[in-house]
Each structure stands twice: as structure tokens, then as C-alpha cells.
Amino acid sequence: MSYGIELPDQVDSLNNVIEKQLSLLSDVRDLIKERAVLEKDYAQKLQVIARKAAEKRARTAASRVVGDYAVKAHNDDLLKRNTLESAYTMLIESYDASAQDHQNFGESLNTQISLDLKMLEQKKEELRRKEMVAFQKALSDRDRIYGDRIKAKQKYDEECLEFDGYRQKQERAVDDKHADRAAKLYDSQKVEMMNSKNTYITTIAVANKVKHKFYAEDLPALENQFQHIQTSLTTSLHKILRHSHQLQLQLISSVQYKLSLFDGALNAFDPVKDQELFIEYNRRIGPSAFSEPGDFVWEPCPGYYDAGEMNVETEPKVFLQNKLVRSQTKLEETQSLVKTKMREVEKLFQVVVAYEKDEKLGDANEAMTNLLDAQHGLIQLTTIETALQGEIDTMVGVLGDDQGAGQPHTFKSSSFSIPTPSVHSKCELKVPAECSGASGTKKSPVRARPTVTAGSTSSRLSVVTNDQVAEDVIIETSAPLATTPTASALGFPSSAGSNDGPEVTILFDFVASSPYELSVKVGDVVNVLEEDDGTGWVKVKNKRQEKGLVPAAYISAVGGGGGSSIAIAGPAKQKKQGSVRGLYDYAAGGDDELSISAGKMIELTAVGESYAEGWSEGIDKSGKKGIFPSNYVEPV
């Protein structure tokens with residue numbers, strides 16, 4: 001394949017394409033130079049962060065490996081025993097070494113690739129110019145010979161015209177005395193004309209010879225020389241680019257080798273080994289070994305001396321008996337919550353294990369967060385359980401079998417003119433638990449009003465601690481429980497006999513937010529097992545035999561065949577809207593409650609004072625709707 005044969009008379013085109021390919025050399029050189037700058041800049045920055053990290057690691061590694069309070073001396077060799085720290089050290093070292101590799105690569109691009117490209121461009125440009133000079137010389141020589149032909153033609157034409165003039169003069173001078181002279185001039189001009197003709201014919205032959213040589217030999221030779229220049233140029237460029245590629249492969253190979261070292265350090269990671277190392281350097285033995293703090297002991301009052309035995313005289317005994325009943329009830333409720341929470345923790349742990357094995361199943365970090373939250377909630381519940389069990393064991397140890405009748409009275413906060421629940425609750429503990437109206441052997445204490453919030457994941461539990469009769473503890477759960485335990489599992493007393501209680505209709509949807517509550521929907525018909533005891537809640541049973549608490553304001557009586565009266569709040573008991581004024585300050589105990597300030601006005605809703613016994617519903621000045629204790633306000 002030859003340009004001279006395949007591309008006749010295209011020298012200008014070949015010269016143009018070679019010029020363009022020479023410009024490619026310049027473009028590649030600019031690209032390489034910019035890449036070299038980037039490599040050097042990257043190497044410098046990578047080296048800076050690597051050395052900064054190395055300095056910081058040197059200062060902090062010991063704290064991470066053995067802590068700040070290690071009981072044994074340690075040195076740098078110890079830090080290498082920690083598999084995670086070794087992996088981190090290898091990562092920093094790979095960064096630092098890679099920075100040097102990138103620096104060397106940038107230098108090679110400048111001193112080898114970029115310089116070679118520049119020299120190649122200069123040499124090939126010089127050859128291109130020489131070829132164009134030769135081409136122009138060949139054209140000039142050809143055109144000169146073409147010019148000789150043109151001149152010979154012009155000379156021949158002139159001689160022909162002049163010869164014709166002499167011919168005409170000779171014809172006119174036949175009888176003239178100048179006839180001889182005219183004849184001589186005619187013959188002389190004819191010779192000149194024939195000479196010009198021969199010269200002209202000769203120049204034509206020469207021009208044709210030169211033309212043929214130019215197009216058949218000279219021009220193809222020049223085009224082939226351009227082809228050779230182009231081949232040499234592109235081949236040299238390819239060789240330089242190959243060299244550049246090899247340099248980059250060497251860089252990648254070096255980086256991969258360092259990454260393989262880091263990979264080996266990662267594969268050697270062993271959290272158990274690291275933890276054993278931490279234990280080895282932090283285990284305290286001898287006098288500094290850990291021992292549990294001593295038990296608390298009785299400390300007599302500075303102003304009155306008394307022994308550290310519990311008083312079981314008549315009135316203190318009644319207090320202890322009532323407190324024991326409440327603590328036992330709360331313990332049953334708490335133990336139910338503990339079992340539920342333990343099941344939740346177990347399921348979440350299985351989720352974490354599954355997510356860690358297969359990331360496609362879900363986010364293991366989120367699952368771990370839920371597990372930790374559930375475990376924290378379990379710790380709270382078990383602490384409450386332990387406290388209650390401690391109270392019970394202490395009181396049983398004193399009371400023995402004399403634990404009272406276990407039939408406490410039902411007291412309502414609305415029975416008192418001034419709302420001071422904690423005081424009246426203490427008073428309640430002083431009354432013997434011998435209520436003739438109590439059913440069962442042990443009556444649950446008055447329940448605190450649970451927060452009615454759809455979808456809530458918190459439960460409010462009243463816990464008996466020390467001299468406090470009831471303390472509200474909020475137990476936060478990390479996720480909705482997989483199953484909601486039925487009310488029958490909570491140890492609530494059931495209605496007497498086999499009668500399920502009167503039927504009522506559910507007026508509003510309600511979603512249970514604790515194991516003690518029961519989810520119901522509008523139109524459901526349920527049986528009342530326990531009437532409202534003043535808390536605003538009623539215990540019911542649905543058709544599936546599930547039991548639990550629902551707000552008293554959410555139900556309405558069905559018919560009148562039950563023969564018993566239920567303390568419920570429904571539309572039939574609603575009063576006309578109005579306003580009330582706060583008598584005492586009250587802080588809201590949940591999102592569904594309103595805070596009350598003495599003297600401030602609250603507008604009642606349509607439900608108003610009929611929300612539940614002892615509770616009203618209204619809207620404050622900010623527009624928030626909620627419930628509040630009825631005995632904290634007065635009508636206006």
C-alpha cells in the first residue's frame with residue numbers, strides 16, 4: 001500500500017494531515033504535563049495527610065489499645081500486637097508509600113514522556129518542512145520547463161508572422177529592383193521560422209517527458225516520503241504512549257502491592273485477640289483489684305435514737321400491708337413487661353445477626369440501634385423489678401403470714417376538694433385493706449391514666465419506691481412489640497361470676513400503646529369487665545376474648561338489658577360548651593393533656609366535662625386541644 005499510487009497528486013492533503021498529527025503530539029504532551037502536575041499535587045497532599053495521621057496515631061494509639069489507665073507498662077512493640085491498630089498503621093504506611101509512587105510517576109511523565117513527545121514533534125516537523133521544500137522545488141523545475149515550452153511556442157508564433165510578412169513583400173517586389181533582396185530576406189526568415197518550429201517541438205517533447213516523470217516518479221516519491229514521515233510519527237507516538245502506559249501500570253502494581261499488605265493486615269483482624277490484650281494490661285490484681293462496694297446500713301437520726309428494725313405496730317403494719325399489696329401487683333405487671341421485652345430483645349438480636357450476615361436484608365446499624373434501645377429498656381424494667389422484689393422481700397420478711405386481707409378500698413382523686421393526689425394516696429395506705437366491696441383476694445391499686453396516643457411506643461408505669469406511693473416511670477421501647485399481650489395475661493381481676501358484663505359500643509378508633517391496653521375500632525361491641533374507677537379507663541373484652549383497657553370516653557352503652565350501671569362517658573352525658581378558669585397550676589403529664597395555670601381560661605369542647613370521670617377536654621389560648629383534671633378548674 002503506497003500513498004504515491006493510491007493517492008496521486010495529494011501532497012497538500014498529506015501535508016495537512018501530518019500537520020494535524022503533529023498537533024496531536026502537542027495535545028498529548030499538554031495532557032501528560034497536566035497529569036504530571038496532578039500526580040505531584042496528589043502525592044504532596046496524600047503525603048501530608050499520611051504523616052499527619054501517623055503523628056496523631058503515635059500520640060493516641062496507646063489509649064486505644066490499652067486505655068489511659070493501664071496497670072502494666074507498655075511500649076511501641078505492644079501496639080503492634082493489636083490487630084486493628086496494626087491494620088490502621090499499615091493503611092497509613094500504604095498512603096505514605098503510595099504518595100512517593102505518585103511523585104515518582106509524575107516525575108517520569110515530565111522527564112520521559114513529555115520530553116520525548118517534544119523532541120519527536122520537533123524532528124517530524126523539520127522533516128515535514130523539508131519535504132514541502134522538495135515538493136515546491138520539484139514544482140518549480142516542472143513549471144520552468146513548462147515555461148520553456150510556452151516561450152518556444154511564442155517564438156515560433158512570432159517567426160511565423162514575420163515570415164508571412166516577408167512573403168507578402170516578396171510577392172509585391174517581383175519586378176522591383178529590390179526583388180533579390182526581398183527573396184534573400186524571405187529565405188532567411190523561413191529558416192528562422194523552421195528553427196523556432198523545431199525548438200518548439202523539442203520543448204513540447206521535453207515538457208511531456210518532465211511532466212510524466214513528475215507525476216509518475218517525483219510526485220509519488222514525495223508522497224511516499226510523506227507516508228514514511230507519517231508512519232514514523234504515529235509509530236513513535238504509539239511507542240511513547242506505550243511507555244506512559246507501562247509507567248502507569250508500574251504505579252498501579254506498586255499501589256496494589258501496598259494494598260495487598262493492607263489487605264493482609266485486615267484479614268489478621270481479631271477483635272477477641274484485641275480485647276484479650278486490653279484485659280491483660282488492665283486487669284487489676286492485689287490491693288487494687290475490684291471489689292463490690294459494701295452494703296448500705298441503717299443510720300439513726302441525729303435527733304432521735306432508734307434501732308434499725310422495721311416497726312410492726314398496728315398502724316405501721318397496715319401501711320406495710322397496703323404497700324405490700326401494691327408492690328405485689330406492680331411486680332406482676334412489671335414481670336409481664338420484662339418477659340415481653342426479653343422476647344423483643346431476643347428477636348432483635350436475631351435480626352442483627354441476620355443483617356450482619358446479609359446486608360441485603362437491611363441496615364445492620366439501625367437494627368443494632370433498636371437492639372441497644374430494647375436492651376436499655378430491659379435494664380430499666382429489670383431494675384424496677386429488682387426494686388419491687390426487694391420491697392416485697394423486706395416487707396414479707398417482717399410481716400410473715402400477717403399480710404392483711406388484701407382487699408384495698410377504691411379511692412378517687414375527685415373525692416377531694418383540693419387535688420393533692422400524692423397526699424391522699426398516702427392516706428389511702430393508712431386505711432386497712434378490708435373493703436367489703438372489693439372483689440378477689442387482691443385488688444389492683446388505682447391505675448394512673450395512661451397516655452392515649454396512637455402509635456406511641458412508650459408506656460407509663462407507676463412504681464412504688466421507698467416512701468413514695470407511686471412514681472411514674474416512662475419506659476421507652478425502640479420498636480413496636482411483635483405481639484401485644486392480652487389483658488388477661490396481666491393479672492387484672494375479672495368480673496365476678498360467669499357474667500361478661502354489659503355490652504358497649506366503641507365510638508372512636510383506639511390503638512393500644514402499652515400491653516395493658518386493647519386496640520378497638522369504631523362500631524366494635526365489647527363487654528365491660530371493670531368499670532371506670534376514676535382514672536378515665538374501662539377494662540373490656542372483645543369477641544376474640546382479648547382483654548384490656550380503653551378510654552371511658554370512647555364507649556357508649558348498648559341497650560339496657562344488663563341490669564348493672566356502668567361508669568362511662570358518652571354522647572348522652574355531654575354538656576353544653578362553655579369555659580372554665582384554672583384554680584391551681586397543673587403540668588401536663590402527656591402530649592394529650594393541657595397544662596393549667598391559675599386564673600387562665602380554657603374553652604371546653606363538645607365533650608367538655610363529660611370526657612371521663614374526673615377529667616375534662618378543652619382548648620387553651622394557643623389552640624391546643626387536650627384533657628385536664630376537672631377539679632383543677634371552676635366553671636365561668
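Is Gln-545 buried, partly exposed or exposed? The legends below take this residue first, in a predicted model.

**Figure 1. Gln-545 sits in a loop between two strands.** Gln-545 is partly exposed, because its relative accessible area is 48%. Look at the backbone here. The phi of Gln-545 is positive, at about 70°. Yet Gln-545 is not a glycine.

**Figure 2. Asp-9 also has a positive phi.** The value is about 55°, and Asp-9 is not a glycine either. Find Asp-9 in the loop that links helix 1 (3-6) to helix 2 (11-65). Its relative accessibility is 48%, so Asp-9 counts as partly exposed.

**Figure 3. Asp-532 is a buried loop residue.** The loop runs between strand 4 (525-530) and strand 5. Now find Ala-552. Asp-532 and Ala-552 are 20 residues apart along the chain. Their C-alpha atoms are separated by 6.7 Å.

**Figure 4. Helix 4 and helix 5 run roughly antiparallel.** Helix 4 covers residues 83-172, and helix 5 covers residues 179-267. Their axes come within 8 Å and cross at roughly 175°.

**Figure 5. Thr-203 is a buried residue of helix 5.** Its relative accessibility is 13%, so Thr-203 counts as buried. Which residues does Thr-203 touch, leaving out those up to four places away in sequence? The answer is Asp-148, Arg-149 and Ala-152.

**Figure 6. Cys-160 and Cys-301 are both partly exposed.** Cys-160 has a relative accessibility of 22%, so this cysteine counts as partly exposed. The cut-off for buried is under 20%. Cys-301 has a relative accessibility of 46%, so Cys-301 also counts as partly exposed. How many disulfides does the structure hold? The count is 0. A disulfide is a covalent bond between the sulfur atoms of two cysteines.

**Figure 7. The protein chain contains helices and strands.** Step back from the close-ups. The chain has 9 helices and 12 strands. Of its 636 residues, 36% are buried. What share of the contacts between residues at least 6 apart in sequence joins residues at least 24 apart? That share is 72%. The accessible surface of the chain comes to about 37700 Å². Carbon and sulfur atoms account for 53% of that surface.

Key:
Residues are numbered from 1 along each chain as its sequence is written. This is a predicted model: local features need pLDDT of at least 70, side-chain atom pairs count only at pLDDT 80 or more; totals for chains, interfaces and linings use all residues. Side-chain values use heavy atoms; hydrogens and water are left out. Axes are lines fitted to C-alpha atoms, for helices over the stretch in contact, and angles run from 0 to 180 degrees between N-to-C directions. Helices (H or I, at least four residues) and strands (E, at least two) are DSSP runs, numbered from the N terminus. Angles under 35 degrees count as roughly parallel, over 145 as roughly antiparallel, 65 to 115 as roughly perpendicular and the rest as oblique. A disulfide is a pair of cysteine sulfur atoms within 2.5 Å. Buried means under 20% relative accessible area, exposed over 50%, partly exposed in between (1.4 Å probe, protein chains only). Contact means heavy atoms within 4.5 Å. Accessible areas come from the Shrake-Rupley method with a 1.4 Å probe; for residues, only the protein chains shown count as cover.
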